[in-house]
Structure formats: structure tokens, C-alpha cells
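Dear colleague,

Please find the structure below, handed over for your records. My findings follow directly after it.

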Amino acid sequence: MRAVQDRTTKYTSAVREFIAVQRHATNAEILVHLQAVYPDISATTVHRITARLYERGELQLAPTGAANVLRYDANLTLHDHFMCEVCGLLRDAQLGDLVRPAIEQAIGADCSISGSLTVSGICKQCHKEGV
Ligand SMILES: [Zn+2]
Ligand SMILES: [Zn+2]
């Protein structure tokens, strides 16, 4: 039992570190990265760890990409995103106080924006590859 706990603790730290650097990651991305170091880690273990970190409020959910796969976000503040519609790249952004009123005005009918905004487009890398 003790050995299992130690392993879980080790895996949990590895997940935390990876997502802190990546800022956004899916369970599949985390699994691929961790398997390079711990070949015996399973998808179920990764799911369990991210679900627990999410429950504890250490991660929040990021916008899903085109594949509509759950993606976690290490940035816990309310923030906006740019998402590449080709490769799914996600960048944190603060669209801020100038943009919101303009969007609200364009939407009209006294609707107000309360959550975060996700703007889609094409990232630099995909531009370069001439998509
Ligand atoms: Zn892209
Ligand atoms: Zn984010």
C-alpha cells in the first residue's frame, strides 16, 4: 500500500510540473510525456490524478480543441484564450476592458459578458506551414 502511495505521489508531482510548464494539457498529452519517464504509468492513473487535482481546485478546465477532448488549465485566474483552429494550440490572453464593451455592444440586447472569451484563428506556426 505504501509503495502504491509513493508512486501516486511521484506521478502527481510529475503531472503538476508538466502542466505548469505547458499551461494547458489533455490527459493524452500528459500520458505521453509521463510515459517517457515512467513507462508503466497507465491512462487510468493519469485520469485519476488530473480528476483529483481538478476537484482540489489545482486545475481548471480549458476550452477544448477541435477534437473536443477535455483539456486542463494550470492558470487558475479568469482569463481569455486564443485557440488555433488548425493545431488546437491554446494561448492565455487578457482581452480586457477595451474589448469587452465593444463585443457586448455588437451582441446587443443588453447582454453582458461574464465568463472568459475564446478567440479562434490560426497560429504563427500554422501560418508558416501555409495552412
Ligand atoms: Zn496552429
Ligand atoms: Zn488558459
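Helices (H or I, at least four residues) and strands (E, at least two) are taken as DSSP runs and numbered from the N terminus. On that basis, the chain reads α-β-α-α-β-β-β-β-α-β-α along its sequence, with 5 helices and 6 strands. Its radius of gyration is 18 Å, well over the 14 Å that the globule rule gives for 131 residues, so the chain is more spread out than a compact globule; the radius is taken over C-alpha atoms, and the rule is 2.2 Å times the number of residues to the power 0.38.

As to provenance, this is a predicted model, in which local features need pLDDT of at least 70 and side-chain atom pairs count only at pLDDT 80 or more, while totals for chains, interfaces and linings use all residues. Residues are numbered from 1 along each chain as its sequence is written, chains are lettered from A and ligands numbered from 1 in the order in which they are written, and side-chain values use heavy atoms, with hydrogens and water left out.

H81 belongs to strand β4 (residues 80-84) and D92 to strand β5 (residues 90-93), so the pair ties together parts that are 11 residues apart in sequence. H81 is buried at 3% relative accessibility, whereas D92 is partly exposed at 21% (buried: under 20% relative accessible area; exposed: over 50%; partly exposed: in between; 1.4 Å probe, protein chains only).
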